[in-house]
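I opened my notebook to look up a few side-chain features in this model. My entries are below, in the order I made them.

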Amino acid sequence: MGFADLSIAEIAEDYNFPLEEVCRLCDKLGIAYKTPQTRLALEDAKAIIAEILRFSAGE
């Protein structure tokens with residue numbers, strides 16, 4: 001598994017999404033992290049971004 005070189009905090013900032021909500025998404029998706037600065041695996045980052053985009057689209 002590769003790494004996306006993105007942290008939870010960076011995704012929240014890049015997508016203008018509340019950090020607390022991104023952490024909740026991680027918990028919902030079963031993505032382990034220690035802090036918002038935790039670097040994510042590529043598949044985990046993609047899953048979080050997909051959820052953010054789905055939410056932003058109103059689904």
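The entries cover ground rules, salt bridges, a helix, an aromatic pair, cysteines and a serine.

**Ground rules**

I noted that this is a predicted model, in which local features need pLDDT of at least 70, side-chain atom pairs count only at pLDDT 80 or more, and totals for chains, interfaces and linings use all residues. Residues are numbered from 1 along each chain as its sequence is written, and side-chain values use heavy atoms, with hydrogens and water left out.

**Salt bridges**

I searched for salt bridges, meaning a side-chain nitrogen of Lys or Arg within 4 Å of a carboxyl oxygen of Asp or Glu. The structure holds six. I looked at three of them.

I began with arginine 39 and glutamate 10. Their side chains form a salt bridge at 2.5 Å, N to O. Arginine 39 sits in strand 2 (residues 39-41) and glutamate 10 in helix 1 (residues 8-14), so I logged a link between distant parts of the chain, 29 residues apart. For these elements I used DSSP runs, numbered from the N terminus: helices are H or I with at least four residues, strands are E with at least two.

I then checked accessibility. My classes are buried for under 20% relative accessible area, exposed for over 50%, and partly exposed in between, with a 1.4 Å probe on protein chains only. Arginine 39 is partly exposed at 41%. Glutamate 10 is partly exposed too, at 28%.

Next I took arginine 24 and glutamate 21. The closest N and O atoms of this salt bridge are 2.2 Å apart. Both residues belong to helix 2 (residues 19-29), and because they are three residues apart, about one helical turn separates them. The background I jotted down: an α-helix has 3.6 residues a turn, so residues three or four places apart point the same way. Arginine 24 is partly exposed at 48% relative accessibility. Glutamate 21 is partly exposed at 33%.

Glutamate 51 is in helix 3 (residues 42-56) and lysine 28 is in helix 2, so the pair ties together parts 23 residues apart in sequence. Is glutamate 51 buried or exposed? Glutamate 51 counts as buried, at 18% relative accessibility. Lysine 28 is exposed, at 62%.

I also followed shared partners. Salt bridges join Asp5, Glu10 and Arg39 into one network.

**Helix 3**

I checked the length of helix 3. The expected span is 1.5 Å times one less than the number of residues. For the 15 residues of helix 3 this gives 21 Å, and the end C-alpha atoms are 21 Å apart, which agrees.

Which residues of helix 3 are buried? I listed Ala45, Ile48, Ile49, Glu51 and Ile52. They cover an arc of only 155° around the axis, so they lie on the same side of helix 3. I took the arc from the directions that run from the helix axis to the C-beta atoms.

These buried residues pack against strand 1 (3-7), helix 1, helix 2 and strand 2. Just after helix 3, I noted a positive phi of about 85° at glycine 58.

**Aromatic pair**

I looked for rings of Phe, Tyr and Trp (its six-membered ring) with centres within 6.5 Å; planes under 30 degrees apart count as stacked, over 60 as edge-to-face and the rest as tilted. I found one aromatic pair. The ring centres of phenylalanine 17 and phenylalanine 55 are 5.5 Å apart and the planes stand at 85°, so I called the pair edge-to-face.

Phenylalanine 17 is in the loop between helix 1 and helix 2, and phenylalanine 55 is in helix 3, 38 residues apart. Phenylalanine 17 is buried at 12% relative accessibility. Phenylalanine 55 is exposed at 58%.

**Cysteines**

I tested for disulfides, each a pair of cysteine sulfur atoms within 2.5 Å. The count is zero. Cysteine 23 is buried at 13% relative accessibility. Cysteine 26 is buried at 0%.

**Serine 7**

My last entry is serine 7, in strand 1. Serine 7 is buried at 4% relative accessibility. I listed its contacts (heavy atoms within 4.5 Å). Leaving aside neighbours within four places in sequence, serine 7 touches Pro36, Gln37, Thr38, Arg39 and Leu40.
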